[in-house]
Amino acid sequence: MKTSTLFHQIRIKYPVRWGLSFILLLEMTFIGIKLFRGSQVNYIWESIEIMILMWGILFWENPEDSQQELKQALKKKEFVLFYQPKIDVKTKQIVGMEALIRWHHPKKGLLSPIEFIPLAEKTGLIVPIGNWALKEACWQNIKWQQEGHPPLRVAVNISPKQLAPDLVQTIKDILEETGLSSECLEIEVTEGMLIELKDSTKTIIEEIRKLGVTVSLDDFGTGYSNIQYLQSFHVDSLKIDRSFIQNIETSPINQRLAEIITQMAHSLNLSVVAEGVETKEQYDFLQSIHCDEIQGYYVGKPASVKEFSTLFFSQTRP
Ligand SMILES: [Ca+2]
């Protein structure tokens, strides 16, 4: 098997946003292949998976204890959501926010997803944790609306393990229980989750969209970025990965790519969100290519509920 094929498969299984950087994954793939040259592909796979797991374990001296802690964290209500605002490029008004999970660990302090999501993925605990995040984001959204803030759309990241047929019912139940309108909810899935073009995944996404919930394709550009997914999966929007935006002022290639992605998305009636926007120059360029929405430090960092209300709602208070 070619290194690139193997690397690609690993990237599908371990998406970048769950804490493993592109470089780290690439290094692990090369080490796996180098150490086990000539071995069977499965063996190489296993060795790479072990390295990835070891990487996760580095954060946790005793993985069994950590698993228990992770399990208990839900019961003990130690997870919390931060919210990062998104603005409309034309009006500069806040149009929504992405919910990002943190763990208030009793001993280690506030942990970012990079430190516990790989373990949650590995143990399957990501499903109850992900469902909690979905519900919490909806409750918070309705609470903000009840306080008199304008209705905004909250985006929640969905893990590959959550993208199963019962997700549709889970979302339906949450919307019913919280009373949140479906237009105020968005789910973010990654390209890796769609890559196999499975009919079951397609049906799940279609059913979620039928509920009126927005579906966006996250980290666009980091995988195959195959136009075929977009044609067959009918998502509502694309989120251009931050890696394209980072040097956009100085990189003509990234400028051209962002422009092409935006034009392609618009021709398929998808809206485009640029992630990781940090400067006015980046904002100006994205405005010039008619990108629809932006998210990033230029607008605001992920904020706690209290900070979000103070920093961002004060501008949009009716
Ligand atoms: Ca996301």
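Biologist: How many bridges pair strand E1 with strand E2 in the antiparallel sense?

Modeller: Helices (H or I, at least four residues) and strands (E, at least two) are DSSP runs numbered from the N terminus, and two strands pair if DSSP finds at least two bridges between them. E1 covers residues 79–88 and E2 covers 94–105, and in E2 the bridge partner of Phe 79 is Trp 103. The antiparallel pairing of E1 with E2 rests on a number of bridges, which is nine.

Biologist: Which pLDDT is needed before side-chain atom pairs count in this predicted model?

Modeller: Residues are numbered from 1 along each chain as its sequence is written. This is a predicted model, in which totals for chains, interfaces and linings use all residues, local features need pLDDT of at least 70, and side-chain atom pairs count only at pLDDT 80 or more.

Biologist: Which residue in the turn of the E1 and E2 hairpin has a positive phi?

Modeller: The hairpin of E1 and E2 has five residues between its strands. Most residues other than glycine have a negative phi.

Biologist: Is Asn 269 buried or exposed?

Modeller: Asn 269 is found in the loop between helix H12 (252–267) and strand E8, and its phi is positive, about 65°, although it is not a glycine. Because 9 other C-beta atoms lie within 10 Å of it, Asn 269 counts as exposed.

Biologist: Which residue in E9 stands opposite Asp 88?

Modeller: E1 pairs with E9 as well, in the antiparallel sense and over three bridges. In that pairing, the residue of E9 that stands opposite Asp 88 is Glu 293.

Biologist: Which helix lies in the right-handed β-α-β unit with E8 and E9?

Modeller: E8 (residues 271–274) runs parallel to E7 (residues 237–240), to which four bridges join it, and Val 272 of E8 stands opposite Leu 238. E8 also pairs with E9 (residues 293–295) in the parallel sense over two bridges, with Ile 294 of E9 as the bridge partner of Ala 274. A crossover is right-handed if, with the strands pointing away from the viewer, the path from the first strand over the helix to the second runs clockwise. The helix in this unit, residues 280–288, is H13.

Biologist: What C-alpha separation is found between Glu 275 and Gln 246?

Modeller: Glu 275 sits in the loop between E8 and H13, and it counts as buried because it has 22 C-beta neighbours inside 10 Å. Glu 275 and Gln 246 are 29 residues apart along the chain, while their C-alpha atoms are separated by 9.2 Å.

Biologist: How far apart are the end C-alpha atoms of helix H6?

Modeller: The expected span of a helix is 1.5 Å times one less than its number of residues. H6 (residues 126–146) has 21 residues, so it should span 30 Å, and this agrees with the distance between its end C-alpha atoms, which is 30 Å.

Biologist: Is Trp 139 buried, exposed or partly exposed?

Modeller: Trp 139 belongs to H6, a helix whose buried residues include Leu 134, Cys 138 and Trp 144. The C-alpha atom of Trp 139 is 9.0 Å from that of Glu 177, which is 38 residues away along the chain. Because Trp 139 has 16 C-beta neighbours inside 10 Å, it counts as partly exposed.

Biologist: What is the distance between the axes of H6 and H7?

Modeller: Two packed helices are described by the angle between their axes and the distance between the axes; the axes are lines fitted to C-alpha atoms, for helices over the stretch in contact, and the angles run from 0 to 180 degrees between N-to-C directions. H6 and H7 are roughly parallel to each other, since angles under 35 degrees count as roughly parallel, over 145 as roughly antiparallel, 65 to 115 as roughly perpendicular and the rest as oblique. H6 and H7 pack at an angle of about 30°, and the distance between their axes is 10 Å.

Key
Buried ≥ 20, exposed ≤ 12 C-beta atoms within 10 Å, placed from the backbone.
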